[in-house]
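Here are a few exercises on annotated residues, pockets and cavities. Try each one on the model before reading its solution.

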Amino acid sequence: MKPRAFLIVLDSVGCGGAPDAADFGDAGANTLGHIAVACAEGRAEDGRSGPLRLPRLDALGLGRAIELASGLRAPGLGAAPQGLWGAATEMSKGKDTPSGHWELAGVPVPWDWHYFPRKLPAFDPELVRRVCELAGTGGILGNCHAAGIPILGELGAEHLRTGWPICYTSTDSVFQIAAHEEAFGLERLWRLCADLAPLLHNMRVGRVIARPFLGSEATGFARTGNRRDFAMTPPAPTLCDWVQRAGGRVHAVGKIGDIFSGQGIDQLHKGRDDLALLEHMSRLSGDAEEGSLTFCNLVEFDSLYGHTRDVSGYARALERFDRWLAGFLDGLRPGDLVIVTADHGNDPTAPGTDHTRERVPVLVHGAGAGEIGHCGFVDVAASVAAHLRVPSQGPGRSFLP
């Protein structure tokens, strides 16, 4: 029987300690550590209460990984590890989704991303002209750095009145377009982003993201589950390609297909929220083929709780995942490998609304127990490849015994 691998990325669940965090304005950031401290101090009581409870993740080595990465002994996370554990450091010069995922898949980013300046307006007139031309509108709204949920409250009503798309960016290399699914049209929004993507990719902007929403000025506005990312193609074959070329199937759960522009992906598994994605994962624990890779991104840690600086919500989401993980691991086949990790940080106790530069935990089920120590993001890909017995084409080294 050929082995299988499940790579689960908890979007933004960093553990502090990045050696170059200060270069990104993130000195001292520690997503997991600071959430654990807030919970222990009674500062995360909305919808939950008490210390952070993550018994399954902690049994894999989460508490030890946080301490290794940052030196912080996270309250309530001190179990003796029963899995392999360590902390990974990124070499790519970014703290964004493509950089983290590509490097976890064995391909560091070889260029500097383009970031839009933090000024008003944020976008140059030629780019705005092109957006208007493709959208068929007389202008755009936003044209600034913004968080995605607040900007809907600020500009949603004006968008309905004018029909102009809401365009904004962040400290990530990203161009985001929000539009009403019904008034503007979902297919029209997707087409606008797809047509605009080549221009922005040539500028080294990593992603163009369609951010559809519904609602009205009277009821309020809310994003829908029909987000679509138009990302640059990775600059070299990734872990997904390695597995596929060796004859294994690759299942992409969540936005993995978007992050890798469909490259090296056999089957997409989308869902309206992380709960739906976890249902896909539970199904794939039984259905995924021998020799397959199931690559999952769970985005709501980042999108719903990190960017909004919601400590209680982030803690609830972590505890929900931990409860699911216990059943998932217990239902796997002998020989299956599971790696739980992250792509960057998004410390909900930090100022601002942006990602934070951090190390990430690396927790391994199905390969014995012990300390990996410090490793690189690229070592995750090499380790998955080693387990699946496919050639590794990246710079990483396997940490499996």
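**Exercise 1.** Find the residues that UniProt lists for "binding site" and work out where Asp11 sits.

*Solution.* Start with the record: the unreviewed UniProt entry gives Asp11, Asp343 and His344 for "binding site". UniProt positions are in the numbering used here, feature names are shortened, and annotations may be inferred rather than shown by experiment. These three span 334 residues in sequence, but no two of their C-alpha atoms are more than 7.1 Å apart, so they gather at one spot. A word on the ground rules: residues are numbered from 1 along each chain as its sequence is written, and side-chain values use heavy atoms, with hydrogens and water left out. The model is predicted, so local features need pLDDT of at least 70 and side-chain atom pairs count only at pLDDT 80 or more, while totals for chains, interfaces and linings use all residues.

(Helices, H or I with at least four residues, and strands, E with at least two, are DSSP runs numbered from the N terminus.) With 0% relative accessibility, Asp11 is buried (under 20% relative accessible area with a 1.4 Å probe, protein chains only; exposed is over 50%, partly exposed in between). Finally, check contacts, meaning heavy atoms within 4.5 Å. Leaving aside neighbours within four places in sequence, Asp11 is in contact with residues including Lys255, Asn297, Asp343 and His344.

**Exercise 2.** Which domains does the assignment give, and how many residues of each are in contact?

*Solution.* Then the spacing: their C-alpha centres are 28 Å apart. Last, the contacts: 13 residues of domain 1 touch ten of domain 2.

**Exercise 3.** Describe the largest pocket, then say where the second largest pocket lies.

*Solution.* Definitions come first. On a 1 Å grid over the protein atoms alone, a pocket is an open set of points with protein on both sides within 12 Å along at least five of seven lines; a cavity is a set where a 1.4 Å probe fits but cannot get out; lining residues have an atom within 4 Å of a point. Points are joined across faces, edges and corners, and a volume is the space filled by probe spheres set on them.

The largest pocket comes to about 670 Å³. Its lining has 28 residues, with Thr224, Gly225, Arg227, Arg272 and Val299 nearest the centre. By class, that's nine nonpolar, seven polar and twelve charged (Ala, Val, Leu, Ile, Met, Phe, Trp, Tyr, Cys and Pro are nonpolar, Asp, Glu, Lys and Arg charged, the others, Gly among them, polar). Domain 1 and domain 2 each give at least three residues to the lining of the largest pocket.

Now the second largest pocket: about 290 Å³. Gly148, Gln176, Arg211, Arg223 and His307 are the closest to its centre among 25 lining residues. Both domains contribute to that lining, so the second largest pocket lies between them.

**Exercise 4.** How many cavities of 30 Å³ or more does a search of the whole structure find, and what lines them?

*Solution.* The search finds two. The largest cavity holds about 50 Å³, and its lining divides into ten nonpolar, one polar and no charged residues. Leu10, Val13 and Thr341 are among them. The second largest cavity holds about 30 Å³. Asp274, Leu278, Leu298, Phe301, Ala317, Arg320 and Phe321 line it, and α12 (311–330) gives the largest share, three residues.

Definitions and conventions. Domain bounds come from an automatic or database domain assignment.
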